[in-house]
Amino acid sequence: MALDLVFCGTPNFAVPTMERVAKSFNLRLVVTQPDRPKGRKLELVASPVKIAAEKLSLPIYQPEKIKHNEELKSRLAAIHPDAIIVVGYGRIVPTWMLQLPRLGNINLHASLLPKYRGAAPIQWAIANGETVTGVTTMRIDEGLDTGDILLQKELAITDEDTSETLSPRLAAIGAELMIETLEGLIAGTIEPTKQDNDHATLAPILKKEDGRIDFNRSAQEIYNRFRGFQPWPGAFTTFRGKTLNVTAMKVSSQRGAPAEISVMDGHLFAGCVNQGSIELLEVQPEGKKRIPALDFIHGYHPGSGEKLGG
């Protein structure tokens with residue numbers, strides 16, 4: 001179809017949509033975040049979207065800022081895109097960009113809006129124990145994920161899903177939903193729907209402290225947060241005054257008082273509220289490598305009755 005489009009995106013989640021848009025329409029420009037220093041050597045690393053766009057030989061622009069960027073204004077004005085597609089770009093779209101394309105700025109959001117507006121919808125959906133999530137295409141307005149809904153598609157969350165396993169599946173169905181959305185806008189078959197703000201929930205950007213295990217939560221709640229907060233901030237507590245990362249766990253029927261350690265037949269448990277517990281399957285003591293719970297038991301000799309997080 002003869003649509004001239006601009007794509008704004010940065011993370012892995014955005015790549016499938018960019019690739020599908022490039023295959024189906026005339027993708028004139030890819031806008032992504034500048035290369036950032038990473039690792040111990042602080043070498044500049046390109047965003048996943050840039051790497052994918054280079055493979056497709058697409059024109060790329062990497063502005064540090066966009067709100068008052070005259071160069072970006074000139075480039076977009078010259079393209080005069082029919083729509084601007086935004087997926088995890090990482091910048092607030094300014095008013096002048098919202099007003100530019102005739103079909104608007106179309107965003108792919110990884111939740112069933114109005115639930116989980118914000119920066120981390122996948123993580124918080126899992127952390128809160130949701131069993132169903134999905135993707136939404138919406139027309140961006142000046143609010144935080146408050147624009148009119150165009151299309152939605154649901155996806156089940158399994159008991160074993162983490163944010164790392166769920167994200168690629170959502171990205172894949174989101175890419176197809178974006179194509180369906182653009183085709184529907186061209187055909188005039190989509191009726192935008194206002195969001196019900198009374199049912200809105202937030203998915204704020206994650207903080208390191210979100211990974212701290214609160215043993216006054218239920219075992220299931222702790223496990224859900226562990227699954228949602230992969231790979232960062234993960235799950236951590238303290239043991240004998242030092243940080244202890246928990247890198248694998250499961251809900252257990254073992255009974256215990258909150259934060260209290262128990263060791264049984266080579267298994268390591270930590271009590272939670274309501275006499276529940278989690279089994280710690282793999283841990284990483286501060287400054288050390290990940291080790292199975294049995295190695296931790298043999299190396300540190302945790303005593304039953306000792307507490308975590310104190």
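Me: How many disulfides does the structure hold?
Reply: The model discussed here is a predicted one. A disulfide is a covalent bond between the sulfur atoms of two cysteines. Cys8 counts as buried, at 3% relative accessibility, and Cys272 is buried with a relative accessible area of 0%. The number of disulfides in the structure is zero.

Me: Is Ala53 buried or exposed?
Reply: Ala53 belongs to helix α2, residues 48-55. Beyond its neighbours within four places in sequence, Ala53 is in contact with Met18, Val30, Leu58 and Ile60. Buried means under 20% relative accessible area. The relative accessibility of Ala53 is 0%, so this residue counts as buried.

Me: How far apart in space are Ala53 and Ala22?
Reply: In sequence, Ala53 and Ala22 are 31 residues apart. Taken from C-alpha to C-alpha, their separation in space is 9.2 Å.

Me: Which residue in β5 stands opposite Val30?
Reply: An open sheet of seven strands with mixed pairing runs in the order β5-β2-β1-β6-β7-β8-β9. Its edge strands, each pairing on one side only, are β5 (60-61) and β9 (149-156). Strand β2, residues 26-31, pairs with β5 in the parallel sense over two bridges. In β5, the residue opposite Val30 is Ile60.

Me: What is the bridge partner of Met264 in β13?
Reply: Strands β12 (residues 261-264) and β13 (residues 267-271) pair in the antiparallel sense, over four bridges. Their hairpin has two residues between the strands, and Asp265 takes a positive phi near 50 degrees there. The bridge partner of Met264 is His267.

Me: Why is helix α7 largely enclosed by the rest of the structure?
Reply: The buried residues of α7 pack against α5 (121-127), α6 (163-187), β11 (242-252) and β14 (277-285). Among the buried residues are Ala219, Ile222, Tyr223 and Phe226. Helix α7 is largely enclosed because, of its 10 residues (219-228), the number buried is eight.

Me: Which element gives the largest share of the lining of the largest cavity?
Reply: The count comes to one cavity of 30 Å³ or more, and the largest cavity holds about 70 Å³ of space. Its lining includes Ile222, Arg225, Phe226 and Met249. By class, the lining divides into six nonpolar, two polar and four charged residues. The largest share, three residues, comes from α7.

Me: Which element gives the largest share of the lining of the largest pocket?
Reply: About 1600 Å³ of space lies in the largest pocket. Of the 50 residues lining this pocket, Pro11, Gly88, Tyr89, Gly90 and Ala119 are the closest to its centre. The elements giving two or more residues to the lining are β3 (36-38), α4 (95-98), β7 (105-109), α5 and α6. The largest share, five residues, comes from α6.

Me: Which element gives the largest share of the lining of the second largest pocket?
Reply: The volume of the second largest pocket is about 170 Å³. Gln220, Tyr223, Asn224 and Arg227 are among its lining residues. By class, this lining has three nonpolar, five polar and four charged residues. The largest share, four residues, comes from α7.

Key:
Residues are numbered from 1 along each chain as its sequence is written. This is a predicted model: local features need pLDDT of at least 70, side-chain atom pairs count only at pLDDT 80 or more; totals for chains, interfaces and linings use all residues. Side-chain values use heavy atoms; hydrogens and water are left out. Buried means under 20% relative accessible area, exposed over 50%, partly exposed in between (1.4 Å probe, protein chains only). Contact means heavy atoms within 4.5 Å. Two strands pair if DSSP finds at least two bridges between them. A disulfide is a pair of cysteine sulfur atoms within 2.5 Å. On a 1 Å grid over the protein atoms alone, a cavity is a set of points where a 1.4 Å probe fits but cannot get out, and a pocket is an open set with protein on both sides within 12 Å along at least five of seven lines; lining residues have an atom within 4 Å of a point. Grid points are joined across faces, edges and corners, and a volume is the space filled by probe spheres set on the points. Ala, Val, Leu, Ile, Met, Phe, Trp, Tyr, Cys and Pro count as nonpolar, Asp, Glu, Lys and Arg as charged, and the others, Gly among them, as polar.
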